[in-house]
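The sequence and structure come next.

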Amino acid sequence: MSFGLSLVLHWNFNQAFITALITAPSTYLAAFFVDKRHRNYEMLVLDSLYKRIRELEGVKSHVVGEINQLENHRNSLYSESNQLKNQIGDRRSQRDSLNRELSSYITEQRQLELVIDQLKNEINSLEKSKIELNNSFVAEKRKQELNVSVSRAEITQLQIQINELKKEKEELENNLTLLDRLKPQLEEKLHELRVQMQKLEAQEQQKKELISAKTNERKNLETKIKSLQDKLKSKQAELKHLQEQISLLQDERNLLQTQVWELLQQMENLNPEEVEHIDDTSHDILEEAAELFPFSELIETLDSHNTNSLDKSHVGNRINENLENEWHEFVYQLSSHDLQVLKAILEQENPNPSIKKIAEANITMPNLLIDSINEIASNTIGELIINTTSEFPSFEQEHMTNIQKVVETYETIIAQRSSSN
């Protein structure tokens, strides 16, 4: 038990074995000392009882001696009385004196009988006490026999436990020999694992350096994007001005086209010479119109750009309508792979494989992606939106609706891009 408890608490095999070796003899010594103390106490009780029995036997022997003396004295008196009866005939003259002596002897005899009765009563009481002592001795003897049987049963159990412990000791020694044999192999594997750990640490350091470089590049790209957005706003203002001019030119073009169609209709009713003259004039008019309106290619590019800008403005309006300002800022700072991570966590029960693929595609780690999203959320929203304490990453319940809206807007953007392409 001490070996198992120390092994569970400390997980040190040598310390557990030492504690087991210490506790085994200590328990046996404690049991031996307790048994010895119990036996000493029992021997003291037996010695006291034997002393009491010896004292009572001495008293009994003394009483028996006195009784024998009295009986001898009585026998002597009886013989003397017989002698006196034989001498009655011879000594009648001494009858009175002898009667007196006999009366005195009778009184003495009565006293002696009383003493004998008292001694008999004492003997009966002594016999009763002896019987009681014998009964108590028998009870104590039975108790001692029961204690001895219990101690023998305990000794047998201890011997069984000792045999089991010896078997366990042999098994442990065999396990120790096996562990000593496996120790060099395990040391070699440990050395290999340390080398692999050093390589992995070097790779992780390289990845951290790459991540820092990527973050710096991302910051630079964000600054560039902001500058490009400012330029785009200025270009959009210029485009609006150009669109107004183009609308005016288109009106003029439509007027010129109507004039050309009218001239063509009039050509059917005129002479050939006049037709040639009108063809020349219409050709000149068309050339002048081409010179006045050289923006046909520009209109096509502007139309395509306007459709794309309208789609983006439509998505931006949807974000402004569906989300709050801080969530709009949060979405504005997210990258495409961050949005892919949000979509994977929202739609999958175990998003770890897909997050790992996204991280490998962007040369980073899944934990760093999740930490960057939480950092952006804490800077914009003021709270962390991804819970990383559980086995699989998940969203906080209070942010689920806003995240669903963000993912829906992202899907609409992807659908619009695919349709435009």
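## Fold elements

Helices (H or I, at least four residues) and strands (E, at least two) are DSSP runs, numbered from the N terminus. On that basis the protein chain has ten helices and two strands, in the order α-α-α-α-α-α-α-α-α-β-β-α from the N terminus on.

The model is predicted: local features need pLDDT of at least 70, side-chain atom pairs count only at pLDDT 80 or more, and totals for chains, interfaces and linings use all residues. Residues are numbered from 1 along each chain as its sequence is written, and side-chain values use heavy atoms, with hydrogens and water left out.

Buried means under 20% relative accessible area, exposed over 50%, and partly exposed in between (1.4 Å probe, protein chains only). Of the 421 residues in the protein chain, 16% are buried.

Helix H9 (residues 366-380) has 15 residues, which at 1.5 Å a residue should span 21 Å; its end C-alpha atoms are 21 Å apart, in agreement. The expected span is 1.5 Å times one less than the number of residues. Buried residues in H9 include Leu369, Ile370, Ile373 and Ile376. Just after H9, Gly382 has a positive phi of about 100 degrees.

## Surface patches

A salt bridge is a side-chain nitrogen of Lys or Arg within 4 Å of a carboxyl oxygen of Asp or Glu. Accessible areas come from the Shrake-Rupley method with a 1.4 Å probe.

Leu29, Phe32 and Phe33 form a nonpolar surface patch with about 330 Å² of accessible area together. Leu29 is in helix H2 (residues 13-86) and counts as partly exposed because its relative accessibility is 47%.

Methods:
Patches are made of residues with over 30% relative accessible area and no salt bridge: like charges are joined within 9 Å, nonpolar side chains (Val, Leu, Ile, Met, Phe, Trp, Tyr) within 5 Å.
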